[in-house]
Amino acid sequence: MTTAVAPPLLEDTQLGPKAGGFYRYQNIWTGLGFGIFLGFVAWLVSHATVQGSNWGTDMVVTCTMVAWVVGFNIGMGTFNAPIHWILGHDQTHEDELYAAGVGQGSSRYLKFCTDHKVVGTQYLVLVMVLFGVGGTLAMMIRTQLITPHSSFLDPQTYNAIVTIHGMVMIIATIIMVSGPFANFIMPIMIGAKDMAFPRLNAMSFWVVVSAVPCLLATFFLGGVNAGWTTYAPLSVQAPAAMDAFAMTIITFVVSVTVAGVNTIVTVVTMRAKGMTMGRLPIFTWGTVVGGALGLYAMPAFLAVMTMMITDRATGTSFFVPEVGGSQWLYENIFWIMGHPEVYVILLPPVAAVLEIASTFARKPVFGYKVAIAGFVAIAALSIMVWAHHMFTTGWAPNLAAPFMLTTELISIPTGIIFLCTIGTLWKGSIWTRLPMWFVYLFVWNFIIGGVTGIYLSDVPADQFFHGDMFVTAHFHYTLLGGAMIGATAAVCYWFPKVSGRMLNERVGKVAFWMIAIGIQVTYFGQFWEGFQGMARRIAYYNPHYETANQMSTAGAYLLMAGWLVFLYMMINGWRHGKIAPANPWHAKTLEWKVPTPVPLENFLVDPVVTSDPYTYGEGVPDGQEVPESAPAPEPELVPAGSAPGDQIDAGGAS
Amino acid sequence: MSFEEEVDEIEANTLLGGAPFFSRPGGKIFIIWLVFTVIGVLIGFYAPHHLLPVMQSPEGGDVWATIVFFTVLAAPVAALVYAIAFYSLFAWRHRSEDPDVPPPDAEPQRGNGPVTVVWLAVSTVLVVVLLFWGIAVWSAQQVSHPNALQVNVTGQQWLWTYSYPGTGVETRTLDLPVNRPVQFNVTSVDVTHGFWPAVLGVQVDANPDVVTVIRTTPNKLGKFIVQCSQLCGLYHAFMNNTGDVVTSQQFDTWLQSNGATPTAAATAAGTSSSGSTTAMGK
Amino acid sequence: MGILLTFVVALVAIGGVAAFFISQSYTSPNYPNGVQVAQPLGTAVVNGQSVPHVALQFQTYPDSTGSVAGKQVHPSGNPAWPAYGLSNQYQVPAHSLVTVTIRQYDSGGSLNNPWFAKVSGTVGGVATFTSPDGKTVTTNHVDPDNIGHTFTMRSAPGVDSAFFLNVPLPTNANLPNNQTNPDAGQYYTVKFSFLSGAKGVYAWNCEFPCGQMVASFGGVMGAYGFMSGFVHVV
């Protein structure tokens, strides 16, 4: 028999006054306080111990940063659960409910909160802050380049800004879709109550937050002058800021690794009954493949930065030829990470674009299995192309042809993704709401970005283009024009579910055109500079390139204005937007079948999954549904002669 | 729909059907595709011609040719994607009174085996063509000439210096005799720099404790710029030198004005040793 | 409310960060004493042409904070770091004869590339070197293993690619590397003249590796304002 009574909401549970233990007192302010305190103590101790030695400053900076990261996380409560376990007891159910944010209202967003929806929202705000910082730095670069020999920034500050702009943007783009949406949306999409490791989920967020001050500290430690790629031996020569930079990376990789494991394990083990891998929404596949690729690639970053710190602080000879090391060692390990990393950046937004295209063309994803094969092929091939960043380094000239081969091969699965996208659009019923606008912009931009990459993959042509503004324009088209616009589409798409309100699409269209035109003007200006032969990462340039630079800067200001309008639309929407229905896009994936705001543990009633979520136009009821009320529980089957309560798995395992 | 209407619809949408080609989706997309392809091809010819600097070596010419060739090949592919995307916005866009109501579902098409296979095949063929082009051009550039002019390039923070072995000349301008194969032996004394004489179409990093080699044969007279393409610290932007491709005689003279003996200069320049008695000789 | 507050705080922080290093860029040891303008000396005849003649005088400070003058150079400097001073920004007129006198107080050693021991770009291709014990020699190169600093100058890209100046500033074993009161200490005097190029920005830096870390070109050598600066040719 079905019952007609709505089950009580988990988030309304009344907890006792001591529930949560230490979590009650821990939030971002205790984190900051304890992090600064422990960092200061480490600074005092290390300063007293190693002062005077040639590498002393590097040791001091490294120890301070490590102490900051650990202290911040102690203060946040990240280690509370492991400390409990080490001491021999577990957290109580009430503690865990408290940790999931019950009874704290909006202050849970400033605390260690295990609810994946809270973590997703926290990531969204962090990504916006990071883009704000990175964007400000970008505007400073473009402002310096308005005139050929500007005195706006001195060369040391300029190099530091170029470096940190790059690194902030890399961090932001890696987490921009997998942070907010693989956390908030993906578990609901697969019918799970939360991620596989909710505490690790919160940990991955607060660890990446603790990495950000390390990165910004570089400005106060002399500035890293080596670009975000921080090639050795220049980075071994760099001031103490480089140790803070390396610590940023090490901390960040810990966060990304944990998050990647969490994503994969969640999808593999926590799908709802009936949700086979073949019925997963394509977005989920993108986050899984991207996460798996990150697991392969990011540890190389951690390794190379650890070696960088030891080269600087303890005199090891990994990368400095003077003492027996090799700069090519650095470059190889770096790009072994660096190339897969751009696909870690790209795959989740591309998958989101396919998801959105399907919803707004009212058609299934064209070539679902082919698209997945494309993702996997891109990931696999990306592991084998890294030396195309090193064509002109003089390392292994006889490997130029093999790497040219693998690099050009990647355009095949990338082309398949395009096929799936336009196949989804083909004879669709195109519903041009705001997310769909950004899907079209993605297609436009990513074609340009992808095609220009092909020029760079040709070794003879790369001899002209390497280190030139053409490269900069290419990767901005793919990362900003492609991945970030895909992420923007994702933000517009899932905003109603995350915030419970609708965006003002009139304002959105203004932002859209400013962003779209801004991107073209900015980066065509940079292609122009590149054709003319202007080097990248320079603060002063030949007046011959002045017009192209002014075009690019003008575009950048328009782009910045567009993003600010977009930001205004988001904040305004979040505060005053029209209340959103549960499924404003009439989509068929599970996250739209739960109410908005999404209750704690997502599903009041277990979802029923009988097909994939792409049954548009097939004249069948939706295959992924959350029924009104739970079906009657199956009667417990007890063999004759045993007592009820003896657990026997009566078939139909979940 | 009645039977006759169904037949009409099938005919309208199949290749052998009755509706004129250019009023069917395929036909209209074909036109848009054609227009975009032509624009792309024109860009492929315009951009190098008007935007690239004048190249001064066959390798530089290869860069020019590669850009044109790749653009011409890529144009139809990009044009196809753009044509379908644009067409979808005009032909299949749903306009309704209420923006909150989605359009009715479209015809579900979960995939198309033949289209996918053709797409894969065409993209593979294109990639193979690009690859063969690249390998052919690259191999042709790897030929080394036994009596090439040797130039030792030293990168340091923040200047390039060039020395011509056998002449004792070390300068900060890179003068080269025209039509003489040259081999650059590049190294650094501190960090990694990028030796980039862009219009010679070659580039290689200057690495400390390692000598990397590139070769070219300048074939056009004129001044050029050598930049540093690998960020090397504070004054990376100022690490520009000039070079000049000059006649053999001028090169001989230049070497002597920088301290070379007449014989050494003549050998380096490839001029005959009897022709080196110039007023500038020391 | 908590989210919005955090967000506003973050935006303010971004603005603060941006404002911080814009201000840093103007108060860091770049413009401690403003721009040193070359003194006019009338005119001179070079290559048969009459050009304006100006003079510049400056020196090296082995300890950029030690002396009274040193403290004026780099209030936030590092005692182990040398500097040029009083300012690292100079101003000379275009297409003029500039006579430069530099006092070199610092110890030194060998160059990374002995090429920088050669004088280049001066009038006559030579410079006049006076050692602490008064011996004077006019020559076009010095011992590359006894160099204190160099004065190397080139134009910003596209301003005047023909212009280049390099003058080595010698040292000897007697010059200590921590002269805190250089006005009373031993020094080399280097005097040379060059024809300034077209109007624009020129960068000067020292090419002697007196810094730290890789190739001794890190530390002070990479910190703008100590061993590097600009010459504004107006």
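A residue is called buried here if 20 or more other C-beta atoms lie within 10 Å of its own. With that cut-off in hand, I turn to the structure, which is a predicted model.

I begin with strand E4 of chain B, residues 174-177. On one side of this strand lie Leu174(B) and Leu176(B), and on the other lie Asp175(B) and Pro177(B). Each of these four residues is buried, so both faces of the strand are covered. In a regular strand, side chains alternate between the two faces of the sheet.

Next, the nonpolar core. The largest one holds 364 residues, and those touching the most other members are Val127(A), Val168(A), Ala371(A), Val439(A), Ala489(A) and Val81(B). Helix H12 of chain A, residues 327-361, supplies the largest share of this core, 20 residues. Leaving aside residues up to four places away in sequence, Val439(A) touches Val353(A), Ile356(A), Ala357(A) and Ala489(A).

Finally, the contact between the chains. How many residues does each chain bring to it? Chain A contributes 72 residues and chain B contributes 71 residues. On the chain B side, the elements giving two or more residues are helices H2 (25-51), H3 (58-91) and H4 (113-141), together with strands E6 (193-197) and E7 (204-206). H3(B) gives the most, with 14 residues.

Technical notes: Residues numbered from 1 in each chain as written. Chains lettered and ligands numbered in written order. Predicted model: local features only at pLDDT ≥ 70, side-chain atom pairs only at ≥ 80, totals over all residues. Contact = placed C-beta atoms within 7 Å. Core = buried A, V, L, I, M, F, W, Y, C linked by C-beta atoms within 7 Å. Buried ≥ 20, exposed ≤ 12 C-beta atoms within 10 Å, placed from the backbone.
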